[in-house]
Protein chains: 2
Amino acid sequence: MKYSNDLDFLFHPATIAISGVSEDIKKFNAGYKFMDALMKIGFKGKIYPMNPGGGEINGMKIYTSLKDIPDKVDYVISAIPARYTPQLVEDSIAKGVKAIHFFTSGFSEIENVEGKRLQSEIINKARNGGVRIIGPNCLGIYCPSGGLSFSPDLSTINGNVGMISQSGGNAAHCVQEGIDRNVFFSKVVSMGNGADLNESDYLEYLIQDNETKIIVGYIEGVREGLRFFKALKVATSEKPTILFKVGTSESGARAAISHTTALAGSDQVWDGLFKQAGVIRAVSIEEIIDVTVALQRMKVPKGNRVIIAGIGGGASVILADEFSNVGLAVPMLSDSLRKRIIDLYPSEAGRIFKNPIDFNDFETSDNFIKTIKVLDEYEGADLLVLHFAFDHFGLISIKDKEAMISFYLQLIQQVKGEITKPLAIILHSYASDSTRKIAYNAMKELNQSGLAVYPSIRRGAVAISKFVRYHQQKKRPS
Amino acid sequence: MKYSNDLDFLFHPATIAISGVSEDIKKFNAGYKFMDALMKIGFKGKIYPMNPGGGEINGMKIYTSLKDIPDKVDYVISAIPARYTPQLVEDSIAKGVKAIHFFTSGFSEIENVEGKRLQSEIINKARNGGVRIIGPNCLGIYCPSGGLSFSPDLSTINGNVGMISQSGGNAAHCVQEGIDRNVFFSKVVSMGNGADLNESDYLEYLIQDNETKIIVGYIEGVREGLRFFKALKVATSEKPTILFKVGTSESGARAAISHTTALAGSDQVWDGLFKQAGVIRAVSIEEIIDVTVALQRMKVPKGNRVIIAGIGGGASVILADEFSNVGLAVPMLSDSLRKRIIDLYPSEAGRIFKNPIDFNDFETSDNFIKTIKVLDEYEGADLLVLHFAFDHFGLISIKDKEAMISFYLQLIQQVKGEITKPLAIILHSYASDSTRKIAYNAMKELNQSGLAVYPSIRRGAVAISKFVRYHQQKKRPS
């Protein structure tokens, strides 16, 4: 099935009017905050602040109504109370506006008849007048290439991850988590109640969007189940698709209704549909990014057999358990391979040359690099995981740890170009403020050099297992 | 059953000799690092460095042998190669040493006949000569009250958590994780191969140790199953006991043998034994501390019904799911209670007054405090969880977030004394470097004021569920 790009206009408006910008920037002023976010991300078109009281903000005139704006207006952001929104829709139709994003909440998601009535009223008006609605009750769009943003501190870099989110907070979190790990976005839609444009509309759009190579989503429930499921099957056939479906518990489902009117549905049914469609199911926002990192940076694995190597006997036992628990294999190395490695070292004391491998130290950097190459050649395994445990070194001072990690990073940079297996790095367990800082800087460096890096054993194991399963499923003829 | 304090001498030696201190402090010099750790923790007795080459270190004479030390010696730390250890044991017996801690590795844990033979030799010699052995292949003891440490940067504060660990790295990690969250230790033993003193000896000691109120452990396998299980039952009847049992997978069990010679055993059997004995089973080092924090700081809950309150609709859905998934109840609030709360606020728009509760903002601090008090009085719930989501606020700049969290902390400090229900705080999802710093400082402040605080929804949910289950099980007559 082919989908059309008829929602492209949402992401590249030339002019934006923001309704509900108050002159007072000292108190929480959502209208002004959207203005600020657009200016910070570098929106190239014209911005028109609006407020019935008029006035000025940052030297810009605040218009009292849409019709007074001496320009065409493509896109309206509404930060006004719900009761004024029907008038705004009427004015937008008259002005030829193409889309309105309603940040405004207080519609069907609250338990009151008036909220539901208001939502019907604006949606009916908009549909009759040819204006599309984003929301209501949402943060709207982040799209660096179109200069749209819902936050003052998001990246201007165009990425290739497209996101649909029924929660603005979780969209904001996902984008922050991504940016922090060098994962950038093409288009992110916080869609709230989805009263006009819903999750199926956005999904169909992202399927055919050339800027989007990976589709991710936070889903509380869907309005048109069959349409969404059909689109999902098309999506996964073209792009890896990662969804975090919530509302799996009774109280979660109840919260979802109150949050965005979404009907969560049976989790078993959802799980079956996801499996059938080949969707990668994530169970947290962090996991969406963890799996994305693997998809973007790791080579395609031939199987599920992992070699794990690093420092620490206790860490090795935990790693072996965690990787096995998620369905990956941590096979014993062949005797001949083990002999090749053992022969590189003067003594076995303190070292473990099985799988996981415990180097004990990196002092002999040549041996480290030789070992990695020997492991990489080994045909009995499909992936390579290197780990570094920040708080597992008893005798080592924080200064020594800093020197050690910087030496380790140097070794990884030196050897990474020669590794042919899919490679991931785990930097785990940083408890104290000082190790945390060192770990953060090390993560940054590895992320920036395009390596798949994970902050804990469990997160690495889970992401890699979902990544491996995705490729195994893809290989199978459906 | 009553256990004796006959291992007390391990934790309070008056004099320590360290074998294997080299003059060269530039290269990795484990002997010197132990010396340094003892001096930094403030060991009050005398320290005698030893090395067959003699010389000086930091102005202190390096003795060439034990017999030359002009003082009695209570405790020896061995950082010499394995082949020299039989002689050290003989010298120690001659000198009247009470215990030797073997940091030295290269014994039964490596796959070579000589290692196994050497271990038998030193253990036999020591037992015949009346010297007890810690290890070999371990970091030994951290005990602030005795001035013992295996790391240069651990706290001097005497706590009440006693730990047994078959991994030095995981012991070091646990202590660091604890200290970072204001959890302090009475005695921590990294016991390695446990060839003389084993996990049962240390457990029996901790049961009767007055300094220890909570027992925790990292266990790869045990040598005397029946004895250990009997001791566990006594332990749990006197003190909460949290164990992280690893080697649950085939590769993990293999790694455990190579690491500390431990036979991991069937995980199903272990799980059954833990349930029978009332052990709290943790599945990570972090979780040991997470549960300890609940035990130390939360009041005893009457049941498993949780009220969750904070900001964020999407966060609320995730919280409800995660708390439900671990077996806690997130009940709907009664209509009369909901009415009392709704009446406090001017409008419902953007807020959710069910459970979880989404305040939307804390602007009206009086209302926040009034709401918390109303929730605390509610008889339909047993625990209260407040949460703060750092990266869930789209429109908010980092500066605004900082102001918001500081205002929030102030509100919590203001209201905490009046809360009668067990209380936990979750500060979740900090993706960027700047939110991480703010979150870290906020965590510190809450930890220092004695509140149970968790860095993610899942960790909070899991710790609270294990804490609740512990108290439910304790109430039941066994």
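**Notebook: sheet, helix crossing and chain contact**

I began with two strands of chain A: strand β9 (residues 161-165) and strand β10 (residues 185-190) run parallel and are joined by five bridges. Helices (H or I, at least four residues) and strands (E, at least two) are DSSP runs, numbered from the N terminus. I noted for this model, which is predicted, that local features need pLDDT of at least 70, that side-chain atom pairs count only at pLDDT 80 or more, and that totals for chains, interfaces and linings use all residues. Residues are numbered from 1 along each chain as its sequence is written, while chains are lettered from A and ligands numbered from 1 in the order in which they are written.

I then looked up one bridge: A:S165 has A:S190 in β10(A) as its partner.

**The sheet in chain A**

I found an open sheet of six strands in the order β8-β10-β9-β11-β12-β13 of chain A, with mixed pairing; two strands pair if DSSP finds at least two bridges between them. β8 (140-142) and β13 (280-282) of chain A are the edge strands, each pairing on one side only. On average, neighbouring strands of this sheet are turned by 15° against each other, direction ignored.

**Chain A as a whole**

I recorded 16 helices and 19 strands in chain A. Its C-alpha atoms fill a box of roughly 80 × 50 × 40 Å, taken along the principal axes. Chain A has 478 residues, of which 56% count as buried (20 or more other C-beta atoms within 10 Å of the residue's own, with C-beta atoms placed from the backbone).

**A helix pair in chain B**

I examined helix α13 (residues 365-377) and helix α14 (residues 398-416) of chain B, whose axes come within 10 Å and cross at roughly 40°. Axes are lines fitted to C-alpha atoms, for helices over the stretch in contact, and angles run from 0 to 180 degrees between N-to-C directions. The contact is made by B:S365, B:F368, B:I369 and B:I372 of α13(B), together with B:L411, B:Q414 and B:V415 of α14(B). Residues are in contact if their C-beta atoms, placed from the backbone, lie within 7 Å.

**Where the chains meet**

I counted 73 residues of chain B in contact with 73 residues of chain A. On the chain B side, the elements that give two or more residues are α2 (30-41), α5 (168-180), α8 (250-260), α11 (313-325) and α15 (433-448). α11(B) gives the most, with 10 residues.

Definitions and conventions: Contact = placed C-beta atoms within 7 Å. Buried ≥ 20, exposed ≤ 12 C-beta atoms within 10 Å, placed from the backbone.
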